Structure formats: structure tokens, C-alpha cells
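Please read the following account alongside the sequence and the coordinates.

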Amino acid sequence: MQEFRNEDGEKAAAGGLGGAWKRISTTLRARARLRRQQKARIRSQRLKYITREQLVYADVLEIGVTIGRYFLASTFILYVSGITAPKVPLSELTANWSLPAEQYSNLVGIGTGWDWIKLIQYGDYMNFLGIAFLAGITVVCYMRLLPISLRSKDFAFGTIVLLEILVLVLAASGLLVISHSH
Amino acid sequence: MGAPLKVSIGTSSFLLSIVDSAAAWVYLQHGAMLAIIAVPSMLGMMLGSAIGVGLLTRANVAILRKVVIGLLFLAGARALLKGLGI
């Protein structure tokens, strides 16, 4: 009799837990659906005032900036907390930061162009990854716009987008690095 | 030019972001960017612009215009004093 009652109790508890979980998941699904509908409504309202290209650019930029912000903050915390050792110690950095860029680079042994990528294991140069990521988002935004402008046969806008991409890629390539010869 | 102030601020920020991202690569290629100064500045500016955009949608344009004029005046005066070596 005791065993029978226990079995019943377990069943009721399982049913209670299952029922509660079902209610919670239904509520969560309903809320998610509502959020999606609200988002779609806001998007269609926004499209009354701005073009699709503007919205696409803003969406890509928002995602990129959010990722970049957290990444940059994380690498900076690792750097300032001393978890990742810096290439240039703080005492040496403050003593030399008034030097011209080229002299500073030579003094601490940093090359030009993409040479910094070899130093990303150091705390200070790890931050460059986040900066490079944020600087590269604009190119990604424009790359997302290019097929849209070509599909809508807006060739003038497409050419401007293509030129923007070329300029930014040229800047990122390191070909525009200016060296001072003495 | 007669454009609405909020639209002008948005356009200006957008243009600056493109120009600055191109310039950031050139600085980065020199390998002499100081993370201890650059990163807090970037994070601060990102936070400031996020707060600014939030306020911009609710701000009074007349007050905003006066603030922008005041800031431009201060920036101009500072540049002038620096140029004159004062």
C-alpha cells in the first residue's frame, strides 16, 4: 500500500514537473513569437522612412560593433590585469610614448605593415585584433550592400560601394604605409 | 545647408566612421598604436555615441542646436589658441 502510494506520488510529481515545464516552454515560445512579430513590425515601419540598403548596413554594423566591443573589452581586461604579458612593459611604454612612431617601432622592435600579427600573443598587441576587427566592419557592411545594389540595377550606387571597398581594402593591405627616410 | 539637425548628426557620424576606419588601418600598419590609450578611448567613444543616439531621439532640437554651436565654438577657439601658441 505504501509502495503504491509512493508510485502515485512520483507520477504526480513527474506530471507536475512535466506540466510546469510545458507551461514555461509554451510561455517562452509565445514570448519569442511576439518578439519576432514586433521586430518584423518595427522593420516594416522603418522601411517606410529609410531604404533597405540603409537598414541592411545598420544591421550588419550593429552585429559587428557588438561583437567587436565585447572582444576589445575582453582583450583589454586581459592586458591590464596582467593575465597576458605585454610586449612593452608599462614603465618602458610611458618613457617612450612621446617618440615619433617610426622611432618607437624601431626601439621596441615592431615592424611595419602586418608584422603586428606575429605579436598577438602579447597582451598589448592582442588588442590590435579587436581594433582591426572594428576597422574591418565597414568593408563587410559595404560587401553586403554590393549584391543588393547590383540586383536592383542601381549601378551608380554599386560603383560607389565598390570604390569604397577598394579604398578600404587598399588601406588594410598595408600598401599605404608611409615610411620616413632620413 | 537646411538639412534637419538630427539627420545631419547621423550623416556626419556615418561619414566619420568610414574615414576613421580607413585611417585606423594606416595607423595599425605603423605598429605604433598604444593599446593602453587607444582601447579605452574607443570603448568610451562607443559608449558615448550609444548614449548620444539614445538621447538624440528624445532631445529638443532647439537645445541641441545651441549645444552643437557651443561645442563648435569651443573647438574652434581651442584650435585658434593652439595655432597662435597661446
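The paragraphs below describe the architecture, the interface and selected local features.

The structure is a predicted model, in which local features need pLDDT of at least 70 and side-chain atom pairs count only at pLDDT 80 or more, while totals for chains, interfaces and linings use all residues. Residues are numbered from 1 along each chain as its sequence is written, chains are lettered from A and ligands numbered from 1 in the order in which they are written, and side-chain values use heavy atoms, with hydrogens and water left out.

Chain A contains six helices and zero strands, where helices (H or I, at least four residues) and strands (E, at least two) are DSSP runs numbered from the N terminus. The order of its elements from the N terminus is accordingly written α-α-α-α-α-α. Of the 182 residues in chain A, 28% are buried; buried denotes under 20% relative accessible area, exposed over 50%, and partly exposed in between (1.4 Å probe, protein chains only). The accessible surface of chain A amounts to about 12,400 Å², with 64% supplied by carbon and sulfur atoms; such areas come from the Shrake-Rupley method with a 1.4 Å probe, and for residues only the protein chains shown count as cover. Contacts (heavy atoms within 4.5 Å) also describe the fold: among those in chain A between residues at least 6 apart in sequence, 62% join residues at least 24 apart.

Attention now turns to the interface. Chain A contributes 40 residues to the contact and chain B contributes 24 residues. Between them about 2,800 Å² is buried, 78% of it from carbon and sulfur atoms; buried area is the accessible area (1.4 Å probe) that two parts lose on being put together, summed over both. On the side of chain A, the residues that lose the most area to chain B are Phe76(A), Phe128(A) and Ile131(A), together 19% of what that side buries.

How many salt bridges does the rule find across the interface of chain A and chain B? The count is zero, a salt bridge being a side-chain nitrogen of Lys or Arg within 4 Å of a carboxyl oxygen of Asp or Glu. Five residue pairs, both members at pLDDT 80 or more, are in polar contact between the two chains. A polar contact is a pair of N or O atoms within 3.5 Å; within protein, one must be able to donate a hydrogen and the other to accept it, and residues adjacent in sequence count only if both atoms are side-chain atoms. At least two residues of the side of chain A that touches chain B come from each of H2 (52-80), H3 (90-96), H4 (101-108), H5 (123-151) and H6 (155-173). H5(A) gives the largest share, 11 residues.

Individual residues complete the picture. Ser105(A) lies in helix H4 of chain A and is buried, at 3% relative accessibility. Leaving aside residues up to four places away in sequence, Ser105(A) touches Ile110(A), His30(B), Gly31(B) and Ala32(B).

Over all chains, a search of the whole structure finds one salt bridge. It joins the side chains of Lys118(A) and Asp115(A), at 3.7 Å from N to O. Lys118(A) is exposed, at 60% relative accessible area, whereas Asp115(A) is partly exposed, at 31%.

Lys153(A) occupies the loop between H5 and H6 of chain A and is exposed, with a relative accessible area of 62%. Its phi is near 60 degrees, a positive value in a residue other than glycine.
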